[in-house]
Amino acid sequence: MLTSHNPLTSSPKPSISFDSEGIREKLANLEQPCYVYVKNNQIGLSHEPNADILPRSMINALSPQQLGDRAFCDFHGLDYAYGAGAMAGGIASEDLVISLGKAGFLASFGAAGLVPQRVEKAIHTIQEALPNGRYAFNLIHSPSEEALERGSVELYLKYGVRTVEASAYLDLTPHIVRYRASGLHLNSQGDIETQNKIIAKISRTEVAQKFLKPAPPKLLKALVEQGQITALQATLAEKVPLADDITVEADSGGHTDNRSLVCLLPSIIALRNEIQQQYQYERSIRVGAAGGISTPESALAAFMMGASYIITGSVNHACIEAGTSEHTKQLLAQAAMADVVMAPCADMFEMGVKVQLLKRGSLFPMRAQKLYDLYQTYEGIDAIPTEVRQTIEKQIFQKPLEAVWQETLAYFQERDPEQIERANNNPKRKMALIFRWYLGLSSRWATSGQPQRTMDYQIWCGPAMGSFNDWVRGTYLEFSENRQVVDVATHIMRGAAYLYRLQSLKLQGVNLPSPYHFYRPTPL
Ligand code: FMN
């Protein structure tokens, strides 16, 4: 049915397009409705109803701002129900957060792994550029370095960071409860105002439950006793959920449980409904989706499954604004969907926790696994056979393990001396800290673009990266130097709205040929 022949040339009806270019243009004009006409077995589209011919079907105008939950946008002051999740070490940089915020999207600064002074600097820069909000900071649970989480909350409270993206929680801590409760007050109408907003990212039902319910009375009581919140705030905290929004994170880049979004999202939505029924909150908690979203199709699927908003991650890592090296961005822009793998992570190395990252173009996944296997097998570095030790010193560390230990000591002396105390009489812990030297630095080599260490780059990314690369191949977004976060976000959302209208036509019995089912990004 794709044709450039216009069967109406004898009786011109210029507002109806029968040629493929015209049909495509009409479909892409999301701000206008489309009326479908059939004449001489040809399908034609018009933005206006035609008095002479009865339309076969029609689709309404649909702006990308209509996708998702309006309440999410209003609550966070956004135009789009779309956010960019935090990326550690400032990969989700000030630039990335500010660009998206100015364009009506939400982004979360990648505070994890950064020293407080660096985070403080980011707070100043972002607050100056976005005085009306539209930004978040990551609050990451760090079970092995509790001081970091406490310090982050103190910074956020001190500078009035009003939205955090809370992640990696397995259980609640006094710090996150303090952040939430100390922002609660009653307004002049007697309603509870939640000044400190929490978007909790979870991948398990049992963790979601903790954020969907009010903060535990025991933690609130302790905070009152310590003078960190008032008795009134503790009372108010028992009436509101701990989080305003729950991001359900499926198989993603970085830390992930590798769950499937189509399985996880319905379960958490059902849980939210159940808890809402039980607590009758005045404002229902919204559930968003993350993990694997990087194309119009995946975005639309998430919205159609009931997601109030979507969060992207991997796809932003290859963008101009990401705080990482050009080499890393190039590798990401060439990645295929199967070029990712799970490998041991630095922060929870001893627990055997893994992160999802790029395997193509780096030996990191194999080398990190080798270190984890050695950690499992031996009681300390002195127990490792000499030959094996020499090999890892040469290939992985590129220096003697003793020298690595000295650097590790210097690092923790400044940052967290308790780590050294715990390792002093414990050879296995000492071995873990030495191995973590490599795992910790390899992500920084990737962000700083250390030329001698390209084969050791640790680049977090999920299958969403390959999926995005497939979509944009042959368009201006194929090249990382053209990938601006706002362009990427806009095209994903516009593409989702575009595809929605095609699906809507299909449900009405008008199945346009497959080439129309492709939304092609063009420069904005
Ligand atoms: N999530 C966090 O909550 N904190 C982080 O520090 C963090 N670092 C990340 C670093 C990179 C490079 C990537 C790709 C993801 C990271 N994430 C982090 C997860 C993202 O915020 C987002 O939830 C996830 O990437 C979405 O899934 P996707 O990668 O499939 O798009």
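1. Let's start with Ala-168, which sits in the loop between β8 (163–167) and α6 (174–181). Helices here are DSSP runs of H or I with at least four residues, strands are runs of E with at least two, and both are numbered from the N terminus. Ala-168 has a positive phi of about 70°, even though it isn't a glycine. That's worth a look, because most residues other than glycine have a negative phi. Ala-168 counts as partly exposed because its relative accessibility is 32%; buried means under 20%, exposed means over 50%, and partly exposed is in between (1.4 Å probe, protein chains only).

2. Before you go further, note that this is a predicted model, where local features need pLDDT of at least 70 and side-chain atom pairs count only at pLDDT 80 or more, while totals for chains, interfaces and linings use all residues. Residues are numbered from 1 along each chain as its sequence is written, and side-chain values use heavy atoms, with hydrogens and water left out.

3. Asn-258 is another non-glycine with a positive phi, this time of about 60°. Look for Asn-258 in the loop between β13 (254–255) and α10 (261–279). With 36% relative accessibility, Asn-258 counts as partly exposed.

4. Which atoms meet the ligand's oxygens? A polar side-chain atom of Ser-167 lies 2.6 Å from an oxygen atom of the ligand. From the backbone, an N or O atom of Gly-292 is 2.7 Å from a ligand oxygen, and a polar atom of Gly-253 is 2.9 Å from one. On its own the ligand has 600 Å² of accessible area, and the protein covers 95% of that (areas by the Shrake-Rupley method with a 1.4 Å probe; for residues, only the protein chains shown count as cover).

5. Is Asp-244 buried or exposed? At 4% relative accessibility, Asp-244 counts as buried. Asp-244 lies in the loop between α9 (231–237) and β12 (245–249), and its side chain makes a polar contact of 2.8 Å with the side chain of Arg-180. A polar contact is a pair of N or O atoms within 3.5 Å; within protein, one must be able to donate a hydrogen and the other to accept it, and residues adjacent in sequence count only if both atoms are side-chain atoms.

6. Ile-229 is in the loop between α8 (217–225) and α9, and is buried, with a relative accessible area of 5%. Ile-229 and Arg-178 are 51 residues apart in sequence, yet 6.9 Å apart in space, C-alpha to C-alpha.

7. Leu-236, in helix α9, is buried too, at 4% relative accessible area. Leu-236 and Leu-186 are 50 residues apart in sequence and 8.4 Å apart in space, C-alpha to C-alpha.
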